[in-house]
Amino acid sequence: MKKTFYAGVAVAALCAGSAQAQELVFTPGEGDFNWESFETFASEHDLSGQTLNITGPWIGDDKDLADSVIAYFEEATGAEVEYAGSDSFESEIRRAAQTGGLPNMAVIPQPGLLADLAAQGHVAPLSEETADWIRENYAAGESWVDLATSYNEQAGEEALNGFFYKVDLKSLVWYSPPVFEELGYEVPQTMEELIALSEQAVEDGFAPWCIGLGSGGATGWPATDWVEDIMLRTQSLDTYDAWVANEIPFDSPEVVNAIETFGTFARNEDFTGMTPAEVVATDFRDAPDGLFQFPPQCLMHRQASFIPTFFPEDADYDFFYFPAYEEQDLGSPVLGAGTVWAITDDNQAARAFIDFLKTPIAHEVWMAQSGFLTPHTGVNTELYANETLKGMGDILLGATAFRFDASDLMPSEIGAGAFWTGMVEYLRTGDAQAEAASIQSAWDAIK
Amino acid sequence: MDNIAGKRTGLSLVTHLATLVLVIVWIVPTLGLLITSLRDQDAISQTGWWRALQGAPQPYVLSIPVDDQVQRDGLWVLETNVFAGPTGEALPDDILDRSRVDAFGTSRLRGPTTEPGETVETRDGVTVTVEANGDLRAAAPERMTGQLVLPMALVAPPQLTLDNYAEVLTDMNTAERQQARSMGQQLDDMLFSDEALFGPFVNTMTVAIPATVIPIVIAAFAAYALAWMDFPGRGLLIAVVVGLLVVPLQLAFVPLTIIHGWLGIGKSFLGIWLAHTGFGLPLAVYLLRNYMVGLPRDIIENAKVDGATDFQIFTKIVLPLSFPALASFAIFQFLWTWNDLLVASVFLPADTDSTVMTRFVVTNLLGSRGGEWHILAAAAFVMIAVPLLVFFAMQKYLVRGMLAGSVK
Amino acid sequence: MLDSVIVSGIVTIIIGVGGMFAYFWASNWVLDHVFLPAKGEHAGRNINRANQIRPWLFLFPAMFALGLYLVVPVFYSGWLSVTSGVAAGGWYRNYSEIFANDTFRIALLNNMLWVLVVPAASTFFGLIAAQLTDRLSWGNIAKSLIFMPMAISFVGASLIWSFVYHPDIEIGVVNAIRGLFGAESGVTLIDGDIVDSFLLMVVLIWIQTGFAMVILSAALRGVPEETIEAAIIDGANSFDVFFKIKVPQIMGTIVVVWTTITILVLKVYDIVAAMGNQYRNLEILPTQMMRYFDSGNYGFATAISVVIMILVLPVMVWNIRQARSETR
């Protein structure tokens, strides 16, 4: 009886998931793409008849874009690749690790998850050669290697567990150029200038910042990005790393100071034009709307690179780098997130795919379509689909260091739990010390 | 009886009013969301649903070309209409059918604050007048250059539409649907696209129907045994069933996740059917037993005397006679499984091929389209449409089942 | 594609239902014809034995499912709550950790509030509604409309009420009503204050009042007319009749309604998950439990589910005693 049940479900699942074969979106040889790298890769790899299955978090449009890149790999090698996406990828890959059925490769959005899988012996280590390649060819390459390096049970030692591909930037401030122009404002270059500009805006009768923390069950996460960005701009990279690893407690002065600095923006009713409770209740997707209203409800919005999706259709917008304090000499660290590819069931095709990800063409195909950033220094940045993306790409390539979104690196009870609710409570109560202490105690409980 | 009613007439008006108030309070929340689900996306954020039949002013910034200006009385004058004429071509499509100017202004920093018909001056010294019908007159001492950038609040005529439902079911708005159709997509492809609600709708049905039917069959046999067969331990078993009625489902989640893992069921439709069966059984057995016990004893005794087996008595006599109880449990179980969020989040994978509507709404829609009430409202009504139909069609059985379950 | 989904659903039902009937028929047949045939020299003894075994054939699938899905998990959860992840700190570690957690204590307190307020308010409104609609010409329509939210999922109801509570004065009904009384801008109604729990409770009260009304209305009809007439002759007014004559007579039913809603309240999860998930002050035990469950912390998750079980226990014992006194 059970078997038949399964069969029925399987039929339904197969029908729903049937994907059409992808055609190549850009004809090889045409345009300013790095076709040479494609040809070289193709001539070095022949995997006819081999199959490779990949699972990842991308669904919908992102899945189509990923498939469009994978099509080039199939074209070059003759291998057959099946990519399946899921919006609860994280819990599904964890379960697959326990009960079996891991794919050949997994596209993992959290380095913490990668480290867990590697420590449990589910990830095949990548070669030292690949690590060297990343150090040489990725901007802030050492950061990328470090993020993907941890103890690997299969290797029995620390090893490179995955390859970063597709990156998001967090340290961005969005604004409306015509409004800045009409007010005679200049894009600030330092944090001091940014604060001065905010105060100027208040004098001119505008709320300088739109901030919204609402996100359904994930409410509070936009605040964690703020705090992380401020940590990077007020503390050394070592302190940031120690914070992420809970080597310094969450309620240490460095962190509390960062939370309070965030409070000087978000809890300041002159700056946001709202009560802190309204900041919490405002949905993060609605928050930037104020930039484009007439009259504008706010002038600046700090948010990651994905946010233009939520702007009104004909919005006139631009962005600048969330600047560093001039008085603190901490370089230009960039906060972001990214997806890392790992081999969870080793085969020749998976190894070849890692080589494929090193070719500029694997990055350029997605870049030229939409929503993709890469730290790969060998790509033709002219190919970015628009000026906005190119601008972000340049910030990424100019970074002195890259740090991953801290909340994604913390255990999920903290990074996707106590940290979020702690920030919501901080906005309500204003007591940074107490909330930081409560996050720390939640962390102690799960140790 | 009559004289009692007579003494009440003084209170009857109060009763009518109080009931009316109660009914209004109870129905308004649903009604509000229903009307909202039929409104245009822009209108929802501008005016309340109780003003659905009035127009809603929308702010725009219009860039009006100044090529048609003429020199008159020493001034450069531009006369045009913001809705029509050659300048209209520069406007977005959806402004063209907006019927009225509600307010205008000259600075995007101040927005549309001037009443139609009044005259204001821009930063560049251009005096501008806009009438409610869209007639615009701009005059400047020197030749105007570039474009006139004017924020305006335009009023669209009110309209009710089913577009929101089409959008939530296909995850494409009207323009995207047209484009998809021109690229050769069939309705089937659109309904089953990744972020569309139609897939979860089908999944909900796939969960609810078997999860309703299977426990009924199992429970009916058990209820018959508990009602009409004699065996040691019967009283104890009934007490256990009553006790299990109140066991919190939460207790079962961790163990069953582990057990399903062992059995190789994992997270799947099979898993959730079994889980709903297990969780629904206590109520089913309890309701059906209470009903079956009340069936006339002599019919069953006579049948036994005539040599019918228990199996025959059950299928030929008890089952048909118990139809009302079966129906009322079926309604309960169907409403419960259709509306359930908790069991689905534990026993079903979250991918598009198997997620149910409640979960889709909480994680996908509230998570990624939180502020978009046109989507949320339409999704809510897609979600509650079937239960409401069942409810209004089968209310009689529902009430009967509830009474059997609680009144002694 | 749609066709195949429908086909697989129908096939499932046919296999499920057909399979069950096949099981019952086949097991009975085997019992009567193979193991203990009702013929031959032991016919009489065989029939008796078969009749002793038969109830268990009827009961087996239900007992198996109940055992696997409810009985075993209760004990398994209890076991896990004292063994899972307790390496350092003794068997009670999970309990001591969760009780040391502020958020858990808030959740426990909120759960108590829910249990006190929702059943009381639903029963009260249900009683009022039952009495009001009792003899109205349009009483059945009114009842139907008040009963309707019963069919709406908690998630749907949460959406409906989130919209009522919308902070924009032009969108949310509550804020619009404040506007009628002179408020100029909307307020954020659900902003994480501890009292906001009451706004969420309203949703459940809205759903459950209809349930209470239907049952209490049937009970009210069962109140003998003579007692009412006697009271009126003694000069009692309508309020006296209602509160002093009718209510005491249906007290038993009121208690049943009350406990039924109490059990439901202890299981409620969806409303808080959909409306107040981000606020620590609105947490209840089931949302806490699901948080730990989702992050794979089975020790804490089972410990919380055991706490919920303990809260339900008094109702369970009372229910069983009621049922036993009835079956006797």
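How many bridges join β10(A) to strand β11 of chain A, and do the two run parallel or antiparallel? I'll take that in point 2. Bear in mind that this is a predicted model.

1. **Confidence in chain A.** The mean pLDDT of chain A is 85, with 94% of its residues at 70 or more. The stretch to treat with care is residues 1-21 of chain A, where pLDDT stays under 50. For that stretch the model has 27 contacts beyond four places in sequence.

2. **Neighbours of β10(A).** Back to the opening question: four bridges join β10(A) to β11 (residues 401-404) of chain A, and the two strands run parallel. Pro333(A) has Ala401(A) as its bridge partner in β11(A). Strand β3 (residues 105-108) of chain A runs antiparallel to β10(A), joined by four bridges, and Ile108(A) stands opposite Val340(A). Strand β6 (residues 163-169) of chain A is antiparallel to β10(A) too, with five bridges; here Val167(A) is partnered with Gly338(A).

3. **Burial of β10(A).** Why call this strand largely enclosed by the rest of the structure? Because eleven of the eleven residues of β10 (residues 333-343) of chain A are buried. Both faces are covered. One side carries Pro333(A), Leu335(A), Ala337(A), Thr339(A), Trp341(A) and Ile343(A), and the other has Val334(A), Gly336(A), Gly338(A), Val340(A) and Ala342(A).

4. **Nonpolar cores.** The largest nonpolar core has 329 residues. Among those with the most contacts inside it are Ala219(B), Ala222(B) and Tyr224(B). Helix α8 (residues 198-228) of chain B supplies the largest share of this core, 21 residues. Leaving out residues up to four places away in sequence, Tyr224(B) touches Met292(B), Phe314(B) and Val318(B), plus Phe58(C) over in chain C. A second, separate core of 22 residues includes Phe104(B), Val126(B), Ala139(B) and Leu154(B).

5. **Where B meets C.** In this interface, 92 residues of chain B are in contact with 94 residues of chain C. On the chain B side, helix α1 (residues 2-37) gives the most, with 18 residues. By class, that side has 67 nonpolar, 20 polar and five charged residues.

6. An unreviewed UniProt entry annotates several stretches of chain C as "transmembrane region", including residues 56-76 and 198-220. How much of residues 56-76 is helix in the model? The span is 100% helix and 0% strand, with its end C-alpha atoms 25 Å apart. Residues 198-220 of chain C are also 100% helix and 0% strand, and there the end C-alpha atoms are 29 Å apart.

Notes:
Residues numbered from 1 in each chain as written. Chains lettered and ligands numbered in written order. Predicted model: local features only at pLDDT ≥ 70, side-chain atom pairs only at ≥ 80, totals over all residues. UniProt positions renumbered as here; feature names shortened; annotations may be inferred. Core = buried A, V, L, I, M, F, W, Y, C linked by C-beta atoms within 7 Å. Buried ≥ 20, exposed ≤ 12 C-beta atoms within 10 Å, placed from the backbone. Contact = placed C-beta atoms within 7 Å. pLDDT = per-residue confidence, 0-100. Nonpolar A, V, L, I, M, F, W, Y, C, P; charged D, E, K, R; others polar. Pairing = 2+ DSSP bridges.
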